[in-house]
Amino acid sequence: MQSASTFKNMSRRVRIGLAVGLAAVVAGCAQDAPQDTWDPAGRNAQMIHDLQWPVFAIAGVVGVIVLSVVAYVIVKFRDRGQAMPEQTHGKPALEIALTILPALILIGVAIPTVGTLMALNETDDTECVVNVTGQQWWWEIDYPAQDGCGEGISAPIVTSGQMIIPTDTNVLVRGTSRDVIHSWWIPRLNGKRDMVPGRVHTVRLQADEPGIYAGQCTEFCGLSHANMRMEVVALDPADFEAWKAKQLSEYEAPEPDTLAAAGEATYIAQCSRCHQVDGLEDAEGDPVIARPDLQVYSGAAPNLTWFMTRNTFAGATWDLLIPECRAAVWEAPPGEFGERYLEGVPEDCLNSVDLREWLRNAPAKKPMYADPEQLEETDGLVRGMPNLALSEDQIDELVAYLLDRQ
Amino acid sequence: MAIIERPSSTPTATTEYVTPSASMGFLRRPVETSGWKSWAFTVDHKKIGIMYGVVAMLFFFVGGLEAVLIRAQLAQADGTILSADKYNQMFTMHATTMIFLFVMPMAAAFANYMIPLQIGARDVAFPRLNALSLWTFVFGGIFLNTSWVLGGAADGGWFMYAPNSSVPFSPTNGVDFWVLGLLITGIASQVGAINLIVTCLNMRAPGMSLMRMPIFTWMAMVVQFLLLFAIPVITVALFLLMFQRNFDATFFSVEEGADPLLWQHLFWIFGHPEVYIIVLPAFGIISEVLPTFARKPLFGYPFVVFSGAAIGFVGFGVWAHHMFAAGLGPISVAVFSVATMAIAVPTGVKIINWTLTLWGGKLWFTTAMLFAIGLIVQFTIGGLSGVTHAVAPSDTQQTDTYYIVAHFHYVIFGGAVLGLFAGIYYWWPKVFGKMLNENWGRANFWFMIIGMNLTFGPMHIIGLQGQPRRMYVWTENRAGEGFFNLGFWNLVSTVGTVILAIGALLFLVNVWVSRKNPPAPEDPWDARSLEWLTTSPPKEHNFDRTPTVHALDEFFHRKYEDVGENGQHDFKKVATAEELLAEEEANADAHIHLPSPSYWPIVLAFSMPVLAYGIIYSTLLIIVGAAIAILALFGWALEPPTAPEDDFDPPSPTDGGEPSKELVTSV
Amino acid sequence: MFTTGSKLLVGSAVLATLAAIAYGVTQDGVMGTVGLVSAAVALSFLAGVNLFTRDANVWAEEISSVESAPAAAPAPADSIWSMVFALGAVVLTIGLVTYQAVFVIGLVVLLIGGAEWTAQAWAERASAEASYNSTVRSRIANPLEFPVGAAVGIGIVVYAFSRIMLWLSKTNTVIAFSVLGTVILAFAFVVAYKPSLRSKTTGGIVAVGVLALIAGGAAAGFDGERDIHVYETTEGLQEEGAEICTSPEVFEADEKASQSVAASAAAAATITLSEEGELSYDVPGPIEAGAEDVLTLPRSNPNNIIFVNESSEERRLSVDLGTRVEELDEGEREVPNLVCTTLVEEGGEQNITLTIGAPSITAEDGYFFFVPGVESARLNLVVP
């Protein structure tokens with residue numbers, strides 16, 4: 001019968017398919033993805049992983065059993081010309097047994113699930129609080145004044161794109177959003193938590209070792225949802241104190257008559273409407289306070305005071321470091337990582353191509369809604385950085401000034 | 001047959017009187033029995049079912065094209081095939097089209113066609129309402145897709161979370177088209193639900209108790225109950241959003257104190273039953289297909305029925321598992337996590353039952369059977385990955401990544417779509433009177449299976465490796481090292497899409513190639529349920545004589561008799577389908593009255609997109625649309641379901657004296 | 001023999017008279033009474049003329065010929081619609097001199113009466129047989145009557161119930177609701193399990209129930225709603241914002257204060273005024289160590305703050321956000337930028353959504369929360 005050969009092929013195909021699939025899965029896991037959820041680097045992600053892989057294993061076993069039974073049935077009971085089969089309507093006892101068994105397995109899964117869930121929502125053991133605010137399409141990170149976080153934080157620190165935390169510290173991220181729903185996710189450190197406007201959600205972070213941990217916004221938030229990334233940088237306590245000291249140190253104006261000094265003037269003229277640099281003073285000696293709430297719909301723009309102490313920009317979408325320097329930082333072993341990271345962005349490591357493209361025409365580089373023709377619905381406010389039509393000279397000056405911000 | 005009204009009293013006075021139908025000369029009922037008008041104004045459930053199926057299949061290819069474009073964009077890092085804006089529109093419309101314009105209507109096609117036949121009825125309870133459902137769906141689907149050329153389609157994702165769906169963040173009219181399109185197709189589903197529930201409860205043949213009802217009808221009825229309670233929820237949500245966008249309401253305005261999670265709750269209270277609405281019809285279909293081709297009855301029919309009902313019921317209590325990362329708080333999350341695990345149990349029961357149906361059988365591997373077995377395999381995989389994210393902490397790692405995309409495509413494509421194709425191949429001979437080619441069918445099946453596994457299998461991997469969804473590009477920076485990194489698997493997935501697309505096209509090839517096949521027999525598969533006790537295709541009145549039902553699988557028991565002794569069962573064939581059919585014809589019922597065609601459903605359906613365009617563009621159109629709707633409703637109410645004799649033209653002498661009406665009167 | 005036209009006029013005249021009496025007795029003004037009495041007189045006069053001239057209806061004289069006329073001749077059936085039409089006209093006229101609501105009711109009744117009258121007249125031309133005519137009339141009119149009638153009926157029942165719910169005290173509404181639901185459920189069980197119950201009985205019981213509900217609703221409606229503590233949110237108060245937000249007494253609120261505590265889940269902060277007059281705050285997760293007397297909020301963010309008043313007086317929470325520039329016709333001026341809640345009763349809560357655009361260093365004294373009337377209540381607010 002024509003169908004007979006198909007079954008042999010099919011059962012063989014099924015077997016081969018399963019084998020190939022399994023191999024692919026195993027092989028597919030052998031790589032170094034920065035956002036790998038099966039590579040925990042902190043206590044919280046570890047708790048999830050310890051819960052997760054047994055469930056996968058159980059599911060895998062159940063799957064193999066079911067598929068094997070199906071494969072067996074297909075082969076054994078194919079039409080070989082036998083008589084009409086017995087018209088069984090069911091065996092209630094068997095049914096009930098096969099219903100209770102999965103129920104028991106699931107109860108077994110449910111109990112540790114609830115336990116882990118409660119543990120992951122614990123906030124009493126917090127040692128450091130960091131606020132996170134999402135907006136289209138970047139993350140603002142600020143450290144409120146507090147006694148925790150190492151030796152304490154005396155004044156608020158505002159930064160964006162990269163969150164620096166001390167290793168082996170229970171950090172509580174307290175987050176919200178300024179416009180639409182975003183989601184904070186650093187896979188190697190913990191699961192994600194949505195950042196909802198009007199609400200404040202908390203999520204724990206803890207990193208065992210120094211290193212840089214990649215993340216992405218994982219709630220669809222509009223045009224550049226794909227271009228909204230962040231990293232968590234864990235530094236050992238000494239390095240963290242050094243970082244903090246830098247962030248809290250006084251603003252140093254660039255040397256007069258340098259390109260950077262011209263850049264400072266250009267910055268005040270072009271950028272300071274939105275971007276805050278703490279301690280910057282204008283020609284009259286008055287502090288320059290940025291008012292992005294008057295320009296941008298979400299009401300905020302990244303704080304650029306210590307811009308070059310972090311190594312990504314524009315929603316952590318592009319690196320400030322050229323690939324060799326980037327690799328040196330990202331792939332540094334934990335012992336050297338802190339030192340490499342605290343070097344910031346040396347001039348010979350600066351990725352000026354992307355930075356200049358961004359300054360030249362930001363909306364062309366990253367899809368945003370900054371078109372002045374279409375601003376009716378947002379009361380004339382832009383969403384994202386607009387095209388400032390800067391000249392090449394201005395861009396040179398600004399790059400020099402920004403390089404000075406470290 | 002329609003629920004009959006009280007007959008109008010015959011007048012005893014002069015013949016020169018005013019009757020409702022004759023007084024409105026140009027609004028006489030349609031009378032055509034062939035040509036496009038007989039399709040446009042029909043109330044016959046079979047024609048309506050076919051139209052549902054054809055339009056749904058068309059939207060399948062529209063949604064499939066959208067998917068191909070998405071995968072083409074994601075085949076490589078930093079793809080440039082689609083801009084960010086177009087990509088966002090593409091994935092929104094892909095999901096919306098596939099769910100609302102393909103899977104749900106295709107299930108409705110089967111429900112419409114098969115339920116009356118399976119329960120021994122001649123039509124559904126409310127035939128004109130049935131036509132309204134169809135045309136509302138068609139016009140709604142077209143309306144939704146006109147957004148592509150009218151300023152851009154909706155771009156907020158099919159889940160359309162607030163506040164991203166509000167005007168400042170989605171300034172084009174795309175979201176308005178989406179909202180109104182779904183409101184319109186929601187009417188179609190809601191109305192159809194009421195119709196089919198009444199049909200199933202009231203119009204079963206004599207002797208057909210609920211536990212003798214064919215399993216497909218049972219699953220379809222559960223689906224209608226789910227629709228009945230779920231569609232109002234999304235209607236409310238859509239109204240809130242429409243008022244937010246069009247009439248300056250502040251339901252989702254955070255500055256005014258609103259909570260964006262309101263939308264999420266409303267959407268998912270609909271959204272979770274929705275996925276059972278999507279998959280239960282396919283479950284019903286293969287619960288028919290597997291017994292037929294295993295030559296044994298469905299194993300544990302009561303268990304399958306009750307587990308279907310349980311899934312429907314519990315399905316309303318697990319919606320927040322779509323919101324595990326949304327900040328609900330650990331207690332709520334724990335409750336929903338446990339409830340979600342609970343709902344895996346009845347689903348598992350079905351898999352067991354299907355496998356045990358095959359056990360000990362005499363398996364005949366037609367294309368329909370291949371699809372049915374494919375469903376068991378693929379849905380098991382999809383269901384198990386679902387269990388892994390019923391565990392809420394794991395879900396906080398998996399949600400919004402490609403792992404979830406893999407899960408739901410395995411259960412929707414591997415579950416619902418394979419089941420629907422099984423139904424298509426199974427019932428094609430009955431509906432169209434011709435067999436589909438088995439060799440092309442096999443090619444169709446294998447390309448689809450291989451394509452689907454190549455497309456969605458790797459998504460498990462890339463999801464667990466951290467690639468989030470709804471991203472118009474992915475970058476090398478996050479792709480990982482080695483050959484088997486995200487880039488590799490994305491490429492494999494895209495290649496799989498091409499194979500899957502070919503598989504889908506092979507179905508069309510099969511339809512084309514089979515169009516000139518010889519007529520199919522009445523009962524090509526030696527099947528078990530009542531719809532096969534008809535001609536292929538069935539006559540307009542379905543059954544010559546309303547059958548009296550004595551058992552589950554009535555048709556099977558008429559063909560086969562148990563001649564075993566002493567507790568042994570031995571089934572011998574005592575009658576062929578043709579013989580049974582001839583017997584029915586010989587004892588045909590007298591006076592079969594069928595409901596008559598009508599203009600009003602399609603006119604009323606037409607008023608809805610007019611209203612919708614009016615809300616978006618111009619108040620004048622609202623008034624026009626409302627006027628058409630009110631007039632259509634009034635005309636519909638005036639019109640009796642079955643037209644009196646004199647509503648039809650008298651027989652014309654050139655016609656050979658044949659009346660031009662399609663009323664089946666006494667034989 | 002009363003013809004149709006004279007029925008209309010007599011009815012109108014009688015009603016106008018009654019209305020004049022009713023109005024004159026209950027209302028103060030004399031103009032209305034004068035108007036209604038004039039109407040009554042005029043209508044009576046016209047009615048008299050009409051009766052005298054028999055409305056030019058020749059049939060009215062030949063009574064015997066009417067009774068012996070062949071069945072094929074159309075004979076108008078009994079109808080109340082002309083009287084309803086008259087009633088509508090009179091109520092409408094009364095409404096012109098009294099309340100607008102009465103005018104609207106009169107208009108609605110007029111339109112309904114007119115429509116039904118027309119439908120009946122049209123149907124009567126269909127044939128000579130009354131039963132067939134009524135069938136035809138039903139065909140045409142029912143698709144409008146039933147939906148509209150049902151909507152109106154349901155509306156009346158619902159409205160009556162809502163008046164009762166608003167009249168009872170809060171706890172009593174829960175009791176009333178539960179009792180009513182139980183009664184209906186019990187009645188349903190009785191009906192279901194006693195099919196021998198005559199439809200007239202059940203119909204009667206339902207009718208009595210509905211009438212009681214409507215009567216109760218009317219009574220409750222007239223008596224007025226219970227005292228519901230409404231938090232006024234008024235717009236355009238910014239000019240007076242300073243006066244209100246620094247006053248411990250004035251009741252109006254800033255437009256961003258709201259009664260709803262829907263935003264109470266995951267609010268940015270909950271600020272509590274204690275019995276001793278101290279302000280303290282709580283946030284999701286623990287408060288940063290060492291930061292108990294300073295609340296930090298992100299700028300340009302819609303922060304939901306819940307104010308809980310645990311003192312024994314009505315108090316409001318106000319926020320001092322420095323100054324802001326106000327546009328005037330002649331130029332600008334700087335005014336204090338204050339935002340506040342309404343006066344919250346003791347034990348009460350109110351949500352306020354604060355979106356602060358400028359950082360706190362722009363304000364001379366920084367930002368702070370305070371409670372007017374309680375000197376010790378002050379909480380600093382830092383917006384980086």
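These legends walk through several close-up views of a predicted model.

**View 1. A five-stranded open sheet in chain A.** Start with the sheet whose five strands run in the order 3-2-1-5-8, with mixed pairing. At its edges you'll find strand 3 (157-160) and strand 8 (201-205) of chain A. Each of these has just a single partner strand, so one side of each is left without a neighbour in the sheet. Going from one strand to the next, the twist averages 25°. Now zoom in on one of the pairings: strand 2 (residues 138-143) and strand 3 of chain A are joined by four bridges in the antiparallel sense. If you'd like a spot to look for, A:Asp142 has A:Val158, in strand 3 of chain A, as its bridge partner.

View 2. The loop between strand 1 and strand 2 of chain A holds A:Trp137. Look at the link from A:Gln136 to A:Trp137: that peptide bond is cis, and its omega is near -5°. Then move on to the loop between strand 2 and strand 3 of chain A, where A:Cys149 sits. A:Cys149 isn't a glycine, yet its phi is positive, near 55°. For background, most peptide bonds are trans, and most residues other than glycine have a negative phi.

**View 3. A three-stranded open sheet in chain A.** Here the strand order is 4-10-9, and once again you're looking at an open sheet with mixed pairing. Strand 4 (162-166) and strand 9 (211-216) of chain A take the edge positions. Strand 9 and strand 10 (residues 229-235) of chain A pair over six bridges in the antiparallel sense. To find your place along this pairing, look for A:Gly215, which stands opposite A:Met230 in strand 10 of chain A.

**View 4. Helix 13 and helix 14 of chain B, side by side.** Over in chain B, helix 13 (residues 402-432) and helix 14 (residues 438-464) have axes that come within 7 Å and cross at roughly 165°. Angles over 145 degrees count as roughly antiparallel, and that's therefore how helix 13 and helix 14 of chain B run relative to each other. Their crossing is left-handed. And what sort of residues make up this contact? There are 16 nonpolar and nine polar ones, but no charged ones.

View 5. Rolling a probe the size of a water molecule over the atoms shows where empty space is left. By type, the lining of the largest cavity has 22 nonpolar, seven polar and no charged residues.

**View 6. The second largest cavity, lined by residues that include some from chains A and C.** This one has a volume of about 170 Å³. Of the 17 residues that line the second largest cavity, those nearest its centre are A:Asn131, A:Arg174, C:Thr296, C:Leu297 and C:Pro298. Strand 1 (128-135) and strand 5 (171-177) of chain A, along with strand 4 (294-296) of chain C, each give two or more residues to the lining. Nine of the lining residues are nonpolar, six are polar and two are charged.

**View 7. A cis bond in a loop of chain B.** To finish, find B:Pro537 in the loop between helix 15 (486-513) and helix 16 (554-559) of chain B. B:Ser536 and B:Pro537 are joined by a cis peptide bond, with omega about -5°.

Key. Residues numbered from 1 in each chain as written. Chains lettered and ligands numbered in written order. Predicted model: local features only at pLDDT ≥ 70, side-chain atom pairs only at ≥ 80, totals over all residues. Heavy atoms only, no water. Pairing = 2+ DSSP bridges. Axes fitted to C-alpha atoms, helices over the stretch in contact; angles between N-to-C directions. Parallel < 35°, antiparallel > 145°, perpendicular 65-115°, else oblique. Left-handed = near helix turned anticlockwise from the far one by under 90°. Nonpolar A, V, L, I, M, F, W, Y, C, P; charged D, E, K, R; others polar. 1 Å grid on protein atoms, 1.4 Å probe; cavity = no way out; pocket = protein on both sides within 12 Å on 5 of 7 lines; lining within 4 Å. Points joined across faces, edges and corners; volume = space filled by probe spheres on them.
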